[in-house]
Amino acid sequence: MGDTLDYDEAEARQEEAIYRTPAAAARRERVRTLLAPEPGDTVLSIGCGPGFEPAEIGWAVGNEGHVHGIDRSEPMLELARERCAPLPQVTLSQGDADALPAADESVDRAVAVQVFEYLETVASAVSELNRVLQPGGSAVICDVDFSSLVWRSPNPERMARVLDAFDDHCPHPRLGSRLAPILREAGLAVDQVEPNTIVNNRLEAGTFAYHLMQFIEDYAADHGAIGRTAARAWADDLREQDARGETFFSFTQFCYLVHKPKTA
Ligand SMILES: C[S@@+](CC[C@H](N)C(=O)[O-])C[C@H]1O[C@@H](n2cnc3c(N)ncnc32)[C@H](O)[C@@H]1O
């Protein structure tokens with residue numbers, strides 16, 4: 001693992017297509033409901049990606065508020081700049097979750113959706129999050145656990161082999177079920193854990209299943225563990241199954257609402 005999220009311009013656009021899907025939009029709405037940003041709030045969007053997240057939170061905090069989106073990927077930030085251009089309350093900058101470009105106790109709320117599972121050092125990113133949050137401030141951290149993936153296939157052995165090899169695409173493919181102790185260790189209080197389950201019964205553009213299948217095929221082309229031919233056969237299984245109307249895909253992301261306790 002190591003370079004899964006080192007996007008070039010075309011890969012960033014491909015990822016942007018995933019964030020346009022109804023399932024991704026519904027997840028962002030769910031995260032915003034948990035985060036409950038208020039007009040005037042200062043919010044940090046960690047790993048803001050193509051900018052849907054800071055733009056939508058920008059609408060919620062209004063002109064009196066401020067959203068600072070940070071991402072380590074310049075091609076992602078380019079997309080985010082286009083998307084957030086009409087919103088003066090949103091600023092964007094290149095930065096790392098491990099060394100957040102924000103002063104101590106300077107933000108009311110923060111959000112990190114599907115970012116921490118890609119970091120080598122989750123504990124130091126969580127500690128950075130704790131540093132920048134104001135006492136009483138809150139955050140939502142959302143990560144997957146790939147064990148939650150139920151993906152029907154006519155060839156279960158091949159499916160198991162491919163998913164097993166795909167586990168290497170990020171350092172923490174099970175982080176979604178392991179975050180609470182890491183958050184508490186950093187001094188944050190865990191208030192709520194909400195599952196966000198995506199279910200698809202069609203394999204077509206716009207579904208999460210379709211885009212994950214493409215992502216796995218592309219990953220396989222660059223990484224020997226699966227191999228281009230095996231990945232193609234695996235995807236063909238899924239396409240043929242879909243033609244028979246037998247697609248079933250279910251995947252759960254876990255969203256943690258936390259706050260930084262006020263000291264007495
Ligand atoms: C899967 S995308 C999620 C995008 C966004 N949070 C959303 O849900 O719409 C992960 C993003 O995290 C960014 N990222 C990965 N590692 C990072 C790091 N160490 N610091 C900052 N951003 C990072 C990637 O460049 C990518 O844009």
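**Ground rules**

I am working on a predicted model, where local features need pLDDT of at least 70, side-chain atom pairs count only at pLDDT 80 or more, and totals for chains, interfaces and linings use all residues. Residues are numbered from 1 along each chain as its sequence is written, and side-chain values use heavy atoms, with hydrogens and water left out.

**Entry: the ligand**

I started with the shell around the ligand. I took a residue as near if one of its heavy atoms lies within 4 Å. The ligand is surrounded by 20 residues, and the closest are Tyr-19, Gly-47, Asp-71, Ala-97 and Val-113. I sorted the shell into 9 nonpolar, 5 polar and 6 charged residues. In this sorting, Ala, Val, Leu, Ile, Met, Phe, Trp, Tyr, Cys and Pro count as nonpolar, Asp, Glu, Lys and Arg as charged, and the others, Gly among them, as polar.

Next I looked up polar contacts (a pair of N or O atoms within 3.5 Å; within protein, one must be able to donate a hydrogen and the other to accept it, and residues adjacent in sequence count only if both atoms are side-chain atoms). A ligand nitrogen lies 2.7 Å from a polar backbone atom of Gly-47. For a polar backbone atom of Ala-97, the distance to a ligand nitrogen is 2.9 Å. A side-chain N or O atom of Asp-96 is 3.2 Å from a nitrogen of the ligand. On its own the ligand has 600 Å² of accessible area, and the protein covers 98% of that. Such areas come from the Shrake-Rupley method with a 1.4 Å probe; for residues, only the protein chains shown count as cover.

**Entry: aromatic pairs**

I searched the whole structure and found 9 aromatic pairs. Rings of Phe, Tyr and Trp (its six-membered ring) pair if their centres lie within 6.5 Å; planes under 30 degrees apart are stacked, over 60 edge-to-face, and the rest tilted.

Which way do the rings of Trp-151 and Trp-234 meet? Their centres are 5.4 Å apart and their planes are at 85°, so the pair is edge-to-face. Trp-151 sits in strand β6 and Trp-234 in helix α9, so the pair ties together parts 83 residues apart in sequence. Helices (H or I, at least four residues) and strands (E, at least two) are DSSP runs, numbered from the N terminus. Trp-234 is buried at 0% relative accessible area. Buried means under 20%, exposed over 50%, and partly exposed in between (1.4 Å probe, protein chains only).

I then checked Phe-166 and Tyr-219, which are also edge-to-face, with 5.4 Å centre to centre and 90° between the planes. This pair ties helix α6 to helix α8, parts that are 53 residues apart in sequence. One aromatic cluster includes Trp-151, Phe-166, Tyr-219 and Trp-234.

**Entry: helix α5**

I listed buried residues in α5 (residues 122–132), among them Val-122, Leu-129 and Val-132. The buried residues pack against β1, β4, β5 and α7. Contact here means heavy atoms within 4.5 Å.

Is Ser-138 buried or exposed? Ser-138 counts as buried, at 10% relative accessibility. Its place is in strand β5. The Ser-138 side chain makes a polar contact with the side chain of Arg-109 at 3.3 Å.

Ser-73 is in the loop between β2 and α4. Ser-73 also counts as buried, at 6%. Its side chain reaches the backbone nitrogen of Met-76 at 3.2 Å. Not counting residues up to four places away in sequence, Ser-73 touches Tyr-7 and Gln-94.
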